[in-house]
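Below is a short briefing on one protein chain. Look at the sequence and the 3D view, then read the points by topic.

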Amino acid sequence: MLLHGGRGHCFGPQISKQGIEVDRAKIKITSKLPPPTSVKGVQSFLGHADFYRRFIKDFSKITNPMRKLLEKDANFIFDEKCLKAFEELKENLTTTPIIVTPDWSLPFELMYNASGLAFGEVLGQ
């Protein structure tokens, strides 16, 4: 279960009178994201996704084609390998175990990530 307090959209539950449920609108937005068209776009997407790396098996292996675009003096060519990585990462970001409701009997952990541009925090299990 993840709750996000930083900028941008994030995955996690909506809490209402009906209880706790997945915010389907955020999942829909993420699943419809177009591929990045610039280095900044790749940095932004990977920066957001990186926060969830511990929930995604083989995260580094999946993101490797896109990370190569960030190397010094690399030409920005978003090829088929990058597109496959992007789509696989989106799939992983919009499915469990990232999107689950909390187990109130288990402890929570406050996780955070900061850069020169932004700060984000997550309450997770």
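Of the 125 residues in this chain, 30% count as buried. The model is a predicted one, and its pLDDT averages 79 over the chain.

**Overall layout**

- The chain contains 4 helices and 5 strands.
- Read from the N terminus, the order of these elements is β-β-β-α-α-α-α-β-β.
- Among contacts with a separation of 6 or more, 56% are between residues 24 or more positions apart.
- The chain has an accessible surface of about 8200 Å². Carbon and sulfur atoms account for 54% of that surface.

**Confidence of the prediction**

- A pLDDT of at least 70 is reached by 74% of the residues.
- Helix 3, residues 59–68, has the highest confidence, at 95.
- Strand 1, residues 2–4, has the lowest confidence, with a mean of 37.
- Over residues 1–9 the pLDDT stays under 50. The model still has 36 contacts for these residues beyond four places in sequence.

- Side chains of opposite charge can pair when their charged atoms come close.
- The count of salt bridges in this model comes to 3.
- Asp 50 takes part in a salt bridge with Arg 53, with an N to O distance of 2.4 Å.
- The side chain of Asp 50 also meets that of Arg 67 in a salt bridge, at 3.4 Å from N to O. This pair links distant parts of the chain, since Asp 50 is in helix 2 (residues 39–50) and Arg 67 is in helix 3, 17 residues apart.
- Together, Asp 50, Arg 53 and Arg 67 are linked in a network of salt bridges.

- Glu 87 and Lys 90 form a salt bridge, and their closest N and O atoms are 3.6 Å apart.
- How far apart are Glu 87 and Lys 90 along helix 4? Helix 4 covers residues 80–93, and the two residues are separated by about one helical turn because they are 3 residues apart in this helix.
- Glu 87 is partly exposed, at 37% relative accessibility.
- Lys 90, in contrast, is buried, with a relative accessible area of 5%. Buried here means under 20%, so a value of 5% puts Lys 90 in that class.

- Asn 113 belongs to strand 4, which covers residues 109–114.
- With a relative accessibility of 33%, Asn 113 counts as partly exposed.
- In sequence, Asn 113 and Asp 50 are 63 residues apart. In space, their C-alpha atoms are 9.7 Å apart.

Notes. Residues are numbered from 1 along each chain as its sequence is written. This is a predicted model: local features need pLDDT of at least 70, side-chain atom pairs count only at pLDDT 80 or more; totals for chains, interfaces and linings use all residues. Side-chain values use heavy atoms; hydrogens and water are left out. pLDDT is the predictor's confidence in each residue, from 0 to 100. Contact means heavy atoms within 4.5 Å. Buried means under 20% relative accessible area, exposed over 50%, partly exposed in between (1.4 Å probe, protein chains only). Accessible areas come from the Shrake-Rupley method with a 1.4 Å probe; for residues, only the protein chains shown count as cover. A salt bridge is a side-chain nitrogen of Lys or Arg within 4 Å of a carboxyl oxygen of Asp or Glu.
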